[in-house]
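Please look through the sequence and the model below before reading on. The text moves from the chain as a whole to a few individual residues.

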Amino acid sequence: LDFVVGSDIVYKTDLAQPLVDTLNALCSPKTVCYIALELRDQYAQDLFFELLKPTFVVAKVPKAKFHSDFTSNFVTIYNLKKRSPAEIERLAAEANVAATTNPVETTSQ
């Protein structure tokens, strides 16, 4: 696909992973993807962006770029750029190394 545009699509935590899976299936590194969001659920939005990190670079579109007739203090627009397969693989390898060299400490009772 050349373009993916989404509006008001992040609002439930249990839909964050299916949405990211769909974006991964639809987008290539050449796809132009914009998502416009009004904050509905902070945890759902945080989860969505966390799930995007391994495969997308996310950038906020500056409000100065909005057309004056369509500016809102409640809406943020994000540009999502899919990483190349090589970059995705490199980041996954780095995450695996970090996980094995910095194991999470647990407390026993």
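For the charge count used here, Lys and Arg are positive and Asp and Glu are negative, while His and the chain ends are left out. Counted in this way, the chain carries 11 positive and 13 negative side chains. The centres of the two sets are 6 Å apart. The model is a predicted one.

The chain contains three helices and four strands. Read from the N terminus, their order is β-α-β-α-β-β-α. The radius of gyration is 16 Å, well over the 13 Å that the globule rule gives for 109 residues, so the chain is more spread out than a compact globule. The C-alpha trace spans about 55 × 35 × 25 Å along its principal axes.

How much of the chain counts as buried? Of the 109 residues, 24% do. The accessible surface is about 7,800 Å², and carbon and sulfur atoms account for 57% of that area. Among contacts with a separation of 6 or more, 74% are between residues 24 or more positions apart.

Arginine 83 sits in the loop between strand E4 (75-82) and helix H3 (85-101). Is this arginine buried or exposed? Its relative accessibility is 15%, and the cut-off for buried is under 20%, so arginine 83 counts as buried. Its side chain makes a polar contact of 2.9 Å with the side chain of glutamate 87. Beyond its neighbours within four places in sequence, arginine 83 is in contact with Pro29, Lys53, Pro54, Thr55, Phe56, Val57, Ile88 and Leu91.

The loop between strand E1 (3-7) and helix H1 (16-26) is the next stop, and aspartate 14 lies in it. Aspartate 8 has a positive phi of about 55 degrees, although it is not a glycine. Most residues other than glycine have a negative phi. With a relative accessibility of 34%, aspartate 8 counts as partly exposed.

Lysine 12 also counts as partly exposed, at 42% relative accessibility. Which distance separates the C-alpha atoms of lysine 12 and aspartate 69? The two C-alpha atoms are 29 Å apart, and the residues are 57 positions apart along the chain.

Aspartate 14 has a relative accessibility of 51%; exposed means over 50%, so aspartate 14 counts as exposed. The C-alpha atom of aspartate 14 is 8.0 Å from that of alanine 44, a residue 30 positions away along the chain.

Helix H2 (residues 42-52) holds aspartate 46. At 42% relative accessibility, aspartate 46 counts as partly exposed. Where does its side chain make a polar contact? The partner is the side chain of glutamine 42, at 2.7 Å. Aspartate 46 can also be placed relative to threonine 13: the two are 33 residues apart in sequence, and their C-alpha atoms are 9.2 Å apart in space.

Key
Residues are numbered from 1 along each chain as its sequence is written. This is a predicted model: local features need pLDDT of at least 70, side-chain atom pairs count only at pLDDT 80 or more; totals for chains, interfaces and linings use all residues. Side-chain values use heavy atoms; hydrogens and water are left out. Helices (H or I, at least four residues) and strands (E, at least two) are DSSP runs, numbered from the N terminus. The radius of gyration is taken over C-alpha atoms; the globule rule is 2.2 Å times the number of residues to the power 0.38. Buried means under 20% relative accessible area, exposed over 50%, partly exposed in between (1.4 Å probe, protein chains only). Contact means heavy atoms within 4.5 Å. Accessible areas come from the Shrake-Rupley method with a 1.4 Å probe; for residues, only the protein chains shown count as cover. The place of a charge is taken as NZ of Lys, CZ of Arg, CG of Asp or CD of Glu. A polar contact is a pair of N or O atoms within 3.5 Å; within protein, one must be able to donate a hydrogen and the other to accept it, and residues adjacent in sequence count only if both atoms are side-chain atoms.
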